[in-house]
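Subject: Structure handover

Hello,

Here is the structure for you to look through. My notes on what was found in it come after.

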Amino acid sequence: MAFLTSCQAISKEYGHRRLFHGITLGINEGEKIGLIGPNGAGKSTLLNILAGIETPDDGTLSSKRGLRMGYVTQSESFDDSATPRALLLDAIAETTHDPAERELEVNLFLARHPYPQADTPVRDLSGGWVKRIAILREIIRQPDILLLDEPTNHLDIDGIIWLENLLKLSPFAAIIVTHDRYFLENVTTRIVEINHAYADGFLSVAGSYSTFLEEREAYFAMQSHREQALSSIARLEIEWLRRNPQARTTKAKGRIESAHQLLEDLGEVHTRNLQEKSAGIEFISSGRKTRELLTAKSLSKRFGDKTLFQNLDIRLSPGVKLGLLGPNGCGKTTLLQILADRLERDAGSIKRANELHTVTFDQNRAHLNQEESLRHALSQNGETVMYRNLHIHVAGWAKRFLFSPEQLEQPISFLSGGEQARLLIAKLMLEPADILLLDEPTNDLDIASIEALEETLLEFSGALVLVTHDRFLLERVCTDFLALDGKGGASYFADYGQWQRTLEPEKREAKVKREEKPKKPAPRSVGGLSASERNELKRMEESILEAEAEVERLEKSLTSPEVATNAEKLQHTWEELSQATEQVEAIYARWEELERRKGE
């Protein structure tokens with residue numbers, strides 16, 4: 001693979017806080033690198049350095065001549081009145097100067113990457129569609145490397161799968177900061193973790209995320225064994241030092257120096273081993289044994305002309321863990337707000353157990369005062385918190401969620417997105433709960449914190465309603481699944497996979513048929529067919545060739561200037577192509593049927 005860019009021994013600090021030190025990383029053509037690490041490790045900062053937005057304190061960067069780099073940050077800011085089509089036209093303005101050529105290029109691009117709301121103002125788009133256009137805006141510039149910082153945030157599950165397929169088929173290299181473990185497993189060809197737990201400050205492993213986990217476990221096992229071995233030797237050297245040896249000879253001086261170096265090495269290894277930790281997340285259940293905590297019947301809700309759901313029944317009991325599924329805008333957050341009694345329903349009834357305790361995680365973190373200090377956000381008196389009927393000093397409670405003592409006096413606005421998510425969880429954990437309503441709790445959390453969240457949700461004895469795009473979390477934690485289609489419909493499923501299998505079955509079946517077109521079968525007897533069917537079978541090969549030729553003609557016409565520059569003709573040609581493709585599949589299906597019956 002050809003070299004694109006690299007960084008050699010780069011370091012970065014903010015004040016007295018060291019993000020990373022001595023990072024060396026090379027990126028080659030076509031690589032898909034997953035960049036992971038604890039919150040605050042400097043992943044976004046590293047992307048900024050690679051993009052030329054920030055400079056490292058030490059180290060060097062080098063790139064091939066004329067390198068084109070795209071960058072999709074965590075949050076994009078667009079003109080509310082701009083349309084996706086206008087954003088794409090603007091994205092190529094520097095490289096394609098002629099307006100007609102730009103329009104042709106954008107139309108061809110939208111033909112390859114359909115965007116049904118291309119002429120809708122950004123203000124009317126959901127967060128997921130805004131994220132999609134932010135990604136497509138960089139791709140149309142044809143980058144050699146695409147930097148993606150938490151690209152799955154705001155995307156629904158269909159959007160994440162769309163991005164997975166896009167990246168797997170793309171020729172450019174990519175560096176992706178994400179905590180979505182399924183995404184990492186499905187897309188990446190290499191994983192790089194920034195973490196002070198490693199001797200070099202990072203670990204790079206070629207292969208999928210599961211391969212990385214195996215290498216990572218082996219690394220920490222080796223480092224743990226090294227600490228044990230150094231500890232055993234250190235005990236002997238400490239005992240010798242206690243005897244107050246006199247440095248009268250060169251040999252004695254050398255041993256004393258070696259002993260001190262050994263103790264220093266042991267301290268460094270011990271410190272690195274302590275770095276591998278996660279937030280101490282553990283929600284408190286009230287322990288209520290009530291059989292029915294919440295019963296909702298015939299719930300309905302609409303906004304304007306759009307019906308989100310209607311005649312919806314929900315029953316929450318201790319131990320029920322309900323995952324809410326559906327595309328962005330289908331009403332998942334709205335349903336959570338209704339269950340939390342924060343939003344009025346249009347119809348239906350909700351019966352709650354007496355003195356029901358409901359704890360809600362708001363994905364927008366609206367309850368956090370950005371000007372308030374971390375100390376006072378955690379504790380009203382600024383000194384202690386009450387957890388499980390015990391008074392815990394606020395510094396100890398903050399430490400449990402991986403906050404340093406220095407951060408206690410900083411305003412919340414200084415915290416990263418992941419740190420703010422941990423703060424909100426730390427506050428919610430102080431409230432005993434019968435029901436947990438969690439709306440995208442994994443956004444910005446690092447993988448270790450997500451895994452800790454998984455464990456506590458599995459052990460939580462109350463009821464849970466969970467909205468998340470983290471497929472691994474859904475599959476591992478939830479016992480039931482409720483899918484909203486955003487058109488008023490709602491259905492229950494036994495597991496996530498069952499829901500996925502119901503999505504656009506005709507489209508998936510057509511794809512399978514296209515990929516698995518049958519070879520022309522060998523001649524058989526014709527005893528099972530009528531005369532007209534035998535004649536039909538004889539003409540079948542010719543029919544297939546004609547149908548496939550029509551598909552090929554329509555595919556070529558999409559790239560013609562006459563069609564590509566005319567939105568109406570482009571749409572009409574796409575519809576014709578879809579019909580022609582279905583015709584090919586229908587002929588193949590008929591061929592299979594006739595061949596089967598011919599042998600009967």
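Which residue forms a salt bridge with Glu 454, the closest N and O atoms being 2.4 Å apart? The partner is Arg 181. Please keep in mind that this is a predicted model.

**Salt bridges**

Side chains of opposite charge can pair when their charged atoms come close. The structure has 19 salt bridges. In the pair above, Glu 454 belongs to helix α13 (residues 447-459) and Arg 181 to helix α6 (residues 181-187), so the bridge ties together parts that are 273 residues apart in sequence. Both Glu 454 and Arg 181 are buried.

Glu 454 has another partner: Arg 476 also forms a salt bridge with Glu 454, and here the closest N and O atoms are 2.8 Å apart. This pair links distant parts of the chain, with Arg 476 in helix α14 (residues 471-477) and Glu 454 in helix α13, 22 residues apart. Are the two residues of this pair buried or exposed? Arg 476 is partly exposed, because its relative accessible area is 36%, which falls between the cut-offs of 20% and 50%. Glu 454 is buried, because its relative accessible area is 1%, and buried means under 20%. Salt bridges that share partners join Arg 181, Glu 454, Glu 455, Asp 470 and Arg 476 into one network.

A further salt bridge is formed by Arg 216 and Glu 193, with the closest N and O atoms 3.0 Å apart. This pair too links distant parts of the chain: Arg 216 is in helix α7 (residues 209-242) and Glu 193 is in strand β8 (residues 190-194), 23 residues apart. Arg 216 and Glu 193 are both buried.

**A buried lysine**

Lys 332 lies in helix α9 (residues 332-339). What Lys 332 does have is the backbone oxygen of Gly 326, which lies 2.8 Å from a polar atom of the lysine side chain.

Why is helix α1 (residues 43-50) described as largely enclosed by the rest of the structure? The reason is that seven of its eight residues are buried. These are Lys 43, Thr 45, Leu 46, Leu 47, Asn 48, Ile 49 and Leu 50. Just after α1 comes Gly 52, which takes a positive phi of about 85°.

Ile 23 is in strand β2 (residues 17-28). Its relative accessibility is 2%, so Ile 23 counts as buried. Ser 11 is twelve residues from Ile 23 along the chain, and the C-alpha atoms of the two are separated by 6.6 Å.

Rolling a probe the size of a water molecule over the atoms shows where empty space is left.

Regards

Conventions: Residues numbered from 1 in each chain as written. Predicted model: local features only at pLDDT ≥ 70, side-chain atom pairs only at ≥ 80, totals over all residues. Heavy atoms only, no water. Helix = DSSP H or I, 4+ residues; strand = E, 2+ residues; numbered from the N terminus. Polar contact = N/O pair within 3.5 Å; in protein donor to acceptor, adjacent residues only side chain to side chain. Buried < 20%, exposed > 50% of the residue type's maximum accessible area, 1.4 Å probe, protein only. Salt bridge = Lys/Arg side-chain N within 4 Å of Asp/Glu carboxyl O.
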